[in-house]
Amino acid sequence: MAESINLKLKIWRQRNTKDSGHFETYDMPGVSTHMSFLEMMDVLNDRLIRDGKDPVAFDHDCREGICGMCSMYINGRAHGPLKGTTTCQLHMRHFSDGETITIEPWRASAFPVIKDLVVNRSAFDKIIAAGGYISVNTGNAPDANSLPVEKVKADEAFDAAACIGCGACVATCKNASGMLFLSAKVSHLALLPQGEPERKERVMRMIDAHDEAGLGSCTNTGACEAECPKEISISHIARLNREYLRAGMSQE
Amino acid sequence: MASSPKLNSRIPEGSLENKWTHLKSTVRLVSPANKRRLDVIVVGTGLAGASAAASLAELGYNVKAFCFQDSPRRAHSIAAQGGINAAKNYQNDGDSTFRLFYDTVKGGDYRAREANVYRLAEVSANIIDQCVAQGVPFAREYGGLLDNRSFGGVQVSRTFYARGQTGQQLLLGAYSALERQVAKGAVKMYARHEMVELVVIDGKARGIIAKNLVTGELERHFGHAVLLCSGGYGNVFYLSTNAMGSNVTAAWKAHKKGAFFGNPCFTQIHPTCIPVSGDYQSKLTLMSESLRNDGRVWVPKAVGDKRKPEDISEEERDYYLERRYPAFGNLVPRDVASRAAKQACDEGRGVGPSGLAVYLDFRDAINRLGQNVISARYGNLFEMYEKITGEDPYKTPMRIYPAVHYTMGGLWVDYNLMTTVPGLYALGEANFSDHGANRLGASALMQGLADGYFVIPYTLGEYLADDIRTTAIPTTHPAFDEAEKAVHERTQKLMGINGKQTVEDLHKKLGRIIWDYCGMSRTEEGLKKALGMVLDLKKEFWTDVRIPGAVDEFNPELDKAGRVADFIELGELMIRDALMRNESCGGHFREESQTEDGEAKRDDENFAFVAAWEYTGDGAEPSLHKEELTFEVVHPTQRSYK
Amino acid sequence: MIASLRMFYSSVGRKLVMAMTGLFLCFFLLEHLYGNLLLYKMDGGKAFNEYGEFLVGNIIIRTVEFALFGGIILHIIDGLYLTYSNKKARPVRYAVNQQSKNSTWFSRNMGLTGSVIFIFLVVHLRTFFVPHRILGAESSMAHDVASAFQSGMYASLYVAAMLLLGAHLNHGFQSAFQTLGWNNHKYASAIKTAGTLYALLIALGFSSFPIFFHFDIMGVASNILHTTL
């Protein structure tokens, strides 16, 4: 494998939400294949600052694939070409010499661009605020082992709860639907006995919040599952639908 | 030694086991009608911040919560892997509140306050109850009950975990509790906001100046009390396992407004991280400590041996941990393992392209147990390693090197978690309180949640009970004017420098200095040299930094510049603290203070105190205040892992 | 908005409507295929015509027919609405988008395949349904079918439309199960297989008529065309 490669970056630049935005192309000679994708962006920004130009704004924080802050659409795919990987965990050895890499922000009306590759994902917080919790005040909890939970269910609840809220599902979905994100939380709480009392209200309220945010509906293409960096299954969407149907049928 | 009169630790009377119970039943209360009229500012939404904001809002206070990330769910608590300790004794293996307390005090090398640690151990069990009730999907056994594991070399299984993502699950639990209060209107959430100044009126913390990171606007926020839950300062080293945005700014601003800084030189360096691969490196990735259960650490015996590990025969390898510490072998505590790795590399026996790494070899474990077993235990970690390095650890040994991971030091707080500024509190990693000179594995999550869920809801009332008649102070008060003006002027100054070096350049220089002289091993000579270097760097920063863009827009470089400027000042204080503490304890290793065979040597006679530093003005030397540590229950002994 | 129908107005609710009407139409297609297969009885089209007359004469069937048209219309209107609101959810499109890496073309283009099928449906109804069921044509329906497929153009249009219908159903069938929540790890692959088999049956079954009749394979066309009832 080559130790370094030459690349061209075609990056979306947009000053602020109101700006219409455009692509700009940058030459990136001698990119070490050991770099992470975001480190390559650091190198580019370092150069831009030295040249007196505006660096490319992008969201990132933990750089170990868990905070869900990084969010780039790389060569037509959310978080780039590698399965089950966030942009910060993607390394340059997966690109080839001479390649042009197109980098765009998440695109959805619910995720307006703040600057360049940075978008506003507060719609996700609103969905959680609508019901993505169990209403238990601090200090009221019974002993943790007073409520056994079937291991299989606990494990599946964990699988759903592993969602990092990055928004790749919305970015990837042709309808910009947030169903995978939403279903991951509904499914996590529906699988646990603690979630039982609020089960019906929760799903109705969270779906309303999802729709109000201007996110699209699910047409079951499965793209979200394929691109999710935490490989969350669309079977959670099926469970969400089931929860909804059950709640809708029994609502007074 | 007596404690400084400026430090009142407010430790309740009574025996160790009764202090917290006693405080809880005698602490002053604020009636529901009055709580509605009291505003509380919470800075940071990690485990401590989110849990505090949610719990206080549940009690009826008006809470305003701030985080610099785009959502409270992204705070760096999310990255904690291993687990959370709790003295539940579900395994019937003899665990108890006392044992957890004892292990924590001992693990902290007798530099923590007994009363605080006991309380931490006491509430640990409630944390698990609370989190399970919130729906945190902890690992379970087939019978449906919670599973535990032993962690970090302790003799009981008291660690609760959710695969390798315990921090994430706990944070999402606290985050969901927080969002529930946001929906109720009890918490007003300010994401992409950073606290840039503390507002003090009549000696009390009364608000903050926050910067809206999207628009660059400065905002004034009043609070009857201000809670700093802003995490640690590991990024002073530039390279650490902290998130890119983790910073000390909120705590540092508070320090400059009168909050004493406790034990700044106590930093934890974690032994098993993926080594640096090049000068573009932006952060380090931790590999769980559990790897040392089956991996063997070694370097070549010969200096400068650059052959492939497979070509180095058994006789030519030095399994230095097993050799030096036959009793604990590869499982020695974090500080010991880190220091030993550094020594091996300093001798020129480090491996990999940089020579700054040692091998963590699974060959023998794979031969003994089979690849399937190893893969079941560590599959996800091996995968992560391969993703980052491109090497397959089943075939070739991992390369690891220590990295900065956690800071035990932080703002000095009393038993109620209040700093030396009345009305200003510090919770979680931002305070200095519970871990002494070294933190045990799986205790950071415990402390963050203990402070937020179970301590502050009680202790805050003690202060606010006097404040029920204070009506909200309008943010047109001159103190707000002044604070905002100071921020504005500083920003203008930064933007006006227009020098040649990027913020990253200067941050890297700072990291280099602190890592080399105030890292795993420290000497008087080195620290004195580093002090001069940091003071020079400060001048360099303020004359040569280059910040692109404008003030009134989304400008991450400007935000970073402000944080690095604070890190430089903190770096100076760390060095001073390390220089003053002429003993070795926990993560702080002074070469002057070691035993004949090169192990850390504590000096209880002269250094059994908390160093609390008072800011005395720009360019002036900070003044040291000592809080004496008395051990009534656990008697200090020298740690030995031989 | 009718309160009791609140649940059908959300994005998930509208999908439920799509799924329920879709499955209803799937069931209808099976019934339709059964009827058509009578054309292969080599009885000069007698059984087929009788079956057709039975359908016309039965009041229940006529009622169900209304439901069927209602279902089709609901399926179309809901589909249009979803397509419209989904487009609105992404006002700016990606310059580079490698959707083929994560989903199939047919799953992403149900609106398009559905529209083509709708056009076909209009032609199909105009050719057979309207003259016989509404205008009450006296001719043998089997005869009309057989002669219509003598046109190469017409027969190939039919085959093309049926293949598209198959693709639409291949995604639609399993998608309906997913939307109705009847999907989990255990059944996912079984439902997918069942959906594909169903889609193949419908596509190949219906395509066989234009092919067999156009080329008069096994004399199916001449058997009907040379018989006068």
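Predicted model: local features only at pLDDT ≥ 70, side-chain atom pairs only at ≥ 80, totals over all residues.

User: Which strands stand at the edges of the open sheet in chain B, each with a single partner strand?
Analyst: The open sheet of chain B has five strands with antiparallel pairing, and their order is β11-β15-β14-β12-β13. A strand at the end of that order has a single partner, so one side of it is left without a neighbour in the sheet. The edge strands of chain B are therefore β11 (267-273) and β13 (317-318).

User: Which helix of chain B packs on the sheet, and what angle does its direction make with that of β11(B)?
Analyst: Strand β11(B) pairs with β15 (residues 398-407) of chain B in the antiparallel sense over five bridges, and within this pair T267(B) stands opposite T407(B). The helix that packs on the sheet touches β11, β12 (296-300), β14 (358-361) and β15 of chain B. This helix is α9 (residues 334-346) of chain B, and the angle between its direction and that of β11(B) is about 65°.

User: How many residues of chain A are in contact with chain B, and which element supplies the largest share of them?
Analyst: On the chain B side of this interface there are 64 residues, and they are in contact with 65 residues of chain A. Elements of chain A that each supply at least two residues to the side touching chain B are α1 (37-50), β6 (113-115), α2 (122-129), α3 (151-161) and α5 (179-190). By class, that side of chain A divides into 31 nonpolar, 18 polar and 16 charged residues. The largest share, seven residues, comes from α1(A).

User: How are α2(A) and α6(B) oriented to each other, roughly parallel or roughly perpendicular?
Analyst: The axes of α2(A) and helix α6 (residues 166-184) of chain B come within 8 Å and cross at roughly 85°. The contact joins D125(A), I128(A) and A129(A) of α2(A) to S176(B), E179(B), V182(B) and A183(B) of α6(B), and these residues divide into four nonpolar, one polar and two charged. Because angles of 65 to 115 degrees count as roughly perpendicular, the two helices α2(A) and α6(B) are roughly perpendicular.

User: What distance separates the centres of the two domains of chain A?
Analyst: The domain assignment of chain A gives domain 1 (4-115) and domain 2 (121-250). Between them, 18 residues of domain 1 of chain A are in contact with 17 residues of domain 2 of chain A, and the domain 1 side of this contact has eight nonpolar, eight polar and two charged residues. Taken over C-alpha atoms, the centres of the two domains of chain A are separated by 29 Å.

User: Which element supplies the largest share of the side of chain A that touches chain C?
Analyst: Here 40 residues of chain A are in contact with 37 residues of chain C, and the chain A side divides into 14 nonpolar, 17 polar and nine charged residues. At least two residues each come from β5 (100-104), α6 (199-212), α7 (223-227) and α8 (235-250) of chain A. The largest share, nine residues, comes from α8(A).

User: How many helices are there in chain C?
Analyst: Of the 229 residues in chain C, 31% are buried, and the C-alpha atoms of the chain fill a box of roughly 60 × 40 × 35 Å along the principal axes. Read along the sequence, chain C follows the pattern α-α-α-α-α-α-α-α-α. Chain C has zero strands, and its helices number nine.

Technical notes
Residues numbered from 1 in each chain as written. Chains lettered and ligands numbered in written order. Pairing = 2+ DSSP bridges. Helix = DSSP H or I, 4+ residues; strand = E, 2+ residues; numbered from the N terminus. Contact = placed C-beta atoms within 7 Å. Axes fitted to C-alpha atoms, helices over the stretch in contact; angles between N-to-C directions. Buried ≥ 20, exposed ≤ 12 C-beta atoms within 10 Å, placed from the backbone. Nonpolar A, V, L, I, M, F, W, Y, C, P; charged D, E, K, R; others polar. Parallel < 35°, antiparallel > 145°, perpendicular 65-115°, else oblique. Domains from an automatic or database assignment.
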